[in-house]
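Q: I would like to learn how to read a protein model step by step. Could you take me through its pockets, its sheet and a few single residues?

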Amino acid sequence: MIKLEKMDDFFTARIDGYDAHMKRDIEGASGFYAYTASLLPSAEGSRVLDLGCGTGLELEEYFAVNPSAAVTGIDLSEAMLHVLKAKFPEKNLTLVRASYFDVPLGNKLYDAAVSVESLHHFPAEMKASLYEKLHLALAEKGVFVLTDYFAESDEMEKEYFQNLAALKKEQGLSDDVFYHYDTPLTVEHEMDILRQAGFRDVRIMKKWGESTYTVLAHKSC
C-alpha cells in the first residue's frame, strides 16, 4: 500500500537529486522547461508569478532570456525555496512559503503567471477558485502558461481521485491537509476551468509524449 506523505514533507525528503530526477525522468522535461519559459514575456522588468515554483527549473530557463524579470514564487516546501534562492542570489526574486490557494494574489499585479508540474495534485473545485483569483491578479494583457501532465481519459481522472480517497480512508487521514498523490484532470477539463474563470483564447501549445501538455491562457482576447 502507498503511504501518503504530506506535500511539503514529500518534497523536502527528496530535495537531494530532485533537479536531476525532474530533468531525467519526467516525460518531456528535456524540452518543456525551455519552451514554457519562451512563452513568458521578454520585456525588461516583466512581472511574473510562479505557482509551485519548486527549485526553479523553469526559472533557470526564463532568467536566461529575461534576466531583469521580477518573479514572485510560491511553494509549500521551505527546502525547495532555499535551493531556489541560492540559485539566483542577484535576481529580483520574491519567495513565499505557503499554499498558493491561500495567498492573496492582488489585482493586476503580474504580466504573466506560470506553473510547471504542480497543479496535477489538486481537484477541480480548488483549481476553479485559484484560477479566478489568478485571473484578477494578471494585468489586462496577461497570460498564464501551464505545463503539466494530465489524465488520458475521464475514466482515469475519476480513478485517480477514487484511489486517493481510498488511501486516505485506510490511513485515517483528513481532507484538510495536502498529501502527495497525483490526481490530474484531463486537459479538456483543465481548459474548461480556465475558461470558466474568465480566461480567453485557452489553447494547447504543445504536447510532450503521451500525457504532458503546455497550455496557454490569455486574460483577454
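**Reading the pockets**

A: The largest pocket is lined by 40 residues, and those nearest its centre are Phe11, Tyr18, Met22, Glu117 and His121. Here a pocket is, on a 1 Å grid over the protein atoms alone, an open set of points where a 1.4 Å probe fits, with protein on both sides within 12 Å along at least five of seven lines, and lining residues have an atom within 4 Å of a point. Please keep in mind that this is a predicted model, in which local features need pLDDT of at least 70 and side-chain atom pairs count only at pLDDT 80 or more, while totals for chains, interfaces and linings use all residues. Residues are numbered from 1 along each chain as its sequence is written, and side-chain values use heavy atoms, with hydrogens and water left out.

Q: What is the volume of the largest pocket, and which elements supply at least two residues of its lining?

A: Rolling a probe the size of a water molecule over the atoms shows where empty space is left. In this model the largest pocket has a volume of about 650 Å³, where a volume is the space filled by probe spheres set on the points, and grid points are joined across faces, edges and corners. At least two lining residues come from each of α1 (7–13), α2 (18–25) and α4 (57–65), and α1 gives the largest share, four residues. Such helices (H or I, at least four residues) and strands (E, at least two) are DSSP runs, numbered from the N terminus.

Q: How do the residues of that lining divide into nonpolar, polar and charged?

A: The lining of the largest pocket has 18 nonpolar, 14 polar and eight charged residues. In this division Ala, Val, Leu, Ile, Met, Phe, Trp, Tyr, Cys and Pro count as nonpolar, Asp, Glu, Lys and Arg as charged, and the others, Gly among them, as polar.

Q: What should I note about the second largest pocket?

A: The second largest pocket holds about 280 Å³ of space. Its lining has 17 residues, and His121, Pro123, Leu164, Lys168 and Asp175 are the closest to its centre. Two or more residues of this lining come from each of α6 (124–137) and α7 (154–171), with α7 giving the largest share, four residues. The lining of the second largest pocket divides into eleven nonpolar, two polar and four charged residues.

**Reading the sheet**

Q: In which order do the strands of the open sheet lie?

A: Strands of a sheet pair through backbone hydrogen bonds, either parallel or antiparallel. The open sheet here has seven strands in the order β3-β2-β1-β4-β5-β7-β6, with mixed pairing, and two strands pair if DSSP finds at least two bridges between them. Its edge strands, β3 (92–97) and β6 (200–208), each pair on one side only. From one strand to the next, the twist averages 15°.

Q: Which pairs run parallel or antiparallel?

A: Among the parallel pairs, β1 and β2 are joined over five bridges, β1 and β4 by three, and β4 and β5 by six. Within these pairs, leucine 51 stands opposite isoleucine 74 in β2, aspartate 50 opposite valine 114 in β4, and alanine 113 has phenylalanine 144 in β5 as its bridge partner. By contrast, β6 and strand β7 (residues 212–218) run antiparallel and are joined by six bridges, with arginine 203 opposite leucine 216 in β7.

Q: Why is β1 described as largely enclosed?

A: Four of the five residues of β1 are buried, so β1 is largely enclosed by the rest of the structure; buried means under 20% relative accessible area, exposed over 50%, and partly exposed in between (1.4 Å probe, protein chains only). The strand β4 is mostly covered, with six of its seven residues buried.

**Reading single residues**

Q: Where does glutamate 117 lie, and is it buried or exposed?

A: Glutamate 117 sits in the loop between β4 and α6, and it counts as buried because its relative accessibility is 12%. Although glutamate 117 is not a glycine, its phi is positive, at about 55°.

Q: Which strand holds aspartate 201, and what is its phi?

A: Aspartate 201 lies in strand β6, and its phi is near 50°, a positive value in a residue other than glycine. With a relative accessible area of 35%, aspartate 201 is partly exposed.

Technical notes:
Axes fitted to C-alpha atoms, helices over the stretch in contact; angles between N-to-C directions.
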